[in-house]
Amino acid sequence: MIRVDVLVRRAGVLGACALLLMGAPGCDPGGASSPPPATIDPEDMGSDDDVGAGDLGPTPVEIHGQLEVAGTELRDQNGERVQLKGPSSMWLNWENEGFAQNLEALRWMRNNWRATVTRAAMGVEPDGAYLTNPDKARGQVEQIVENAIAAGVYVIIDWHDHNAHQHKDQAVQFFSEMAAKYGNKPNVIYEPFNEPLDLDWQSTLKPYHEAVIAAIRAKDPDNVIVLGTPNWSQDVDRAAASPVEGTNLLYTLHFYACTHTDFLRGKAEGARAKGLPLFVTEWGATHADGGTDGQVCLDAARLWHEWMNTHGIGWTAWKLDNCGQDSSCILAPHAPVAGGWTSTYLKGHGVFVRARMQGD
């Protein structure tokens, strides 16, 4: 098996289906051709207006409170459908600048980009990640969670792993600890398996999720859990055929717009028709390798966002980082750490992500 950390160093990325770089079958786009790139429309630029990072009134968590899953919808404390939007961090073990761990930056995104959620993508397998340096990895996640609580936004604790089923004991312990520490906070959402490979749902993934859910629910009876699905979190139809028993469970769908087109939306629609509630914890307006060619496919990305908006499906965009190579990096290399990111500091699909966060 090709090691994940080697691939990341070669590609400088690793979003959904980064193994596509090596021809991995799980990233086969189903024979669909890549859509052509599109120019940025003014409506997809977003606003450079800056109101700072101070308190402006009720925060997202003060407004929406405890979340729950009802049917295929995520609802707030008032029973109203809520669509969370925000950024995902880079793999935290490779995020050297500290964008995702900066409280002022998070408050600034809350105020200026209308971010309501952030995702802490805690790398697990590579050198320096959780399995080899658990104290550092846990500390990074806890900093992001504490920041989210202080800023009044929601936060996804992501076990960012392609082989979590091989690390079940470690995942159970980690999420048990996170639930014990933060389970009384309505801010917290758990994501126990970022992107499973082409694994069998019934015999492998479902039992893994059941074990982690049991550990979380022993300490936290009600916060939302997002469950990874087979084939880089694309085969939501397999999960829909045999969903996990329990309450407040969502299922992960990942897309990269240049690669995953209407064929994947059709699969997602079929899963929703069977009652499966979805959350897009990772997406890009790029190819599935994270956009190493610099391309963005905005026409295709607009279709995805129209679909998510129609159904109220929440999302976090890959990735809040300033890498200079791939087009899924939201920030330019010279971007400051603490926010204030006008268009000058955005690159790749960054302005599109900002506009979609700011929009209704």
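Reply: Here is a short tour, feature by feature.

Reply: Please keep in mind that this is a predicted model. The chain has 11 helices and 10 strands, and buried residues make up 61% of its 360 residues.

Me: What share of the contacts between residues at least 6 apart in sequence join residues at least 24 apart?

Reply: That share is 77%.

Me: Let's take a strand. How do I read the directions of its side chains?

Reply: In a regular strand the side chains alternate between the two faces of the sheet. Now look at S5, residues 154–160. Tyr154, Ile156, Asp158 and His160 point one way, while Val155, Ile157 and Trp159 point the other way.

Me: Are the residues of strand S5 buried or exposed?

Reply: Seven of the seven are buried, so strand S5 is largely enclosed by the rest of the structure.

Me: Which strands pair with S5?

Reply: Strand S4, residues 117–123, is joined to S5 by seven bridges, and the two run parallel. You can find one of these links at Ala121, whose bridge partner in S5 is Asp158. Between S4 and S5 the chain passes through helix H4, residues 134–151, in a right-handed β-α-β crossover.

Reply: Strand S6, residues 188–191, also runs parallel to S5, with four bridges between them. Here Ile157 has Tyr190 in S6 as its bridge partner.

Me: Which strand pairs with S3 over five bridges?

Reply: That is S10, and the pairing is parallel. Strand S3 covers residues 85–89, and five of its five residues are buried, so S3 is largely enclosed by the rest of the structure.

Me: How should I think about a nonpolar core?

Reply: In soluble globular proteins, nonpolar side chains tend to be buried together. In this model the largest nonpolar core has 81 residues, and Trp159 and Trp341 have the most contacts inside it. A second, separate core has 14 residues, including Val61, Val69, Val82 and Val117.

Me: Where is Trp159?

Reply: Trp159 is in strand S5. With a cut-off for burial of under 20% relative accessible area, Trp159 counts as buried because its relative accessibility is 0%. Trp159 and Val124 are 35 residues apart in sequence, yet their C-alpha atoms are 6.8 Å apart in space.

Me: And what does Trp341 touch?

Reply: Leaving out residues up to four places away in sequence, the residues that Trp341 touches include Phe99, Trp108, Met109, Trp113, Leu320 and Arg354.

Me: Several of those are aromatic. How do I read a pair of rings?

Reply: A pair of aromatic rings is described by the distance of the centres and the angle of the planes. The structure holds 18 aromatic pairs. For Trp108 and Trp113, the ring centres are 5.6 Å apart and the planes are at 70 degrees, so the pair is edge-to-face. Both Trp108 and Trp113 are buried.

Reply: Trp113 also pairs with Trp341, and that pair is tilted, with 5.7 Å from centre to centre and 50 degrees between the planes. This pair links distant parts of the chain, 228 residues apart: Trp113 is in the loop between helix H3 and S4, and Trp341 is in the loop between S10 and helix H11.

Me: Which residues form an aromatic cluster?

Reply: Phe255, Trp283, Trp304, Trp307, Trp315 and Phe352 form one. Arg265 lies over the face of Trp304, at 4.9 Å from the ring centre. Phe255 is in strand S8, residues 249–256, and is buried, with a relative accessible area of 0%. Among the residues that Phe255 touches are His260, Leu264, Trp283 and Trp304.

Me: Let's end with a helix. What covers the buried residues of H11?

Reply: The cover includes S3, H3, strand S9, helix H10 and S10. Nine of the nine residues of H11 are buried, so this helix is largely enclosed by the rest of the structure. Phe352, Arg354 and Arg356 are among these buried residues.

Conventions. Residues numbered from 1 in each chain as written. Predicted model: local features only at pLDDT ≥ 70, side-chain atom pairs only at ≥ 80, totals over all residues. Heavy atoms only, no water. Buried < 20%, exposed > 50% of the residue type's maximum accessible area, 1.4 Å probe, protein only. Pairing = 2+ DSSP bridges. Right-handed = clockwise from strand over helix to strand, strands pointing away. Core = buried A, V, L, I, M, F, W, Y, C linked by side-chain atoms within 4.5 Å. Contact = heavy atoms within 4.5 Å. Phe/Tyr/Trp six-rings, centres within 6.5 Å; stacked < 30°, edge-to-face > 60°. Lys NZ or Arg CZ within 6 Å of the ring centre and 35° of its normal.
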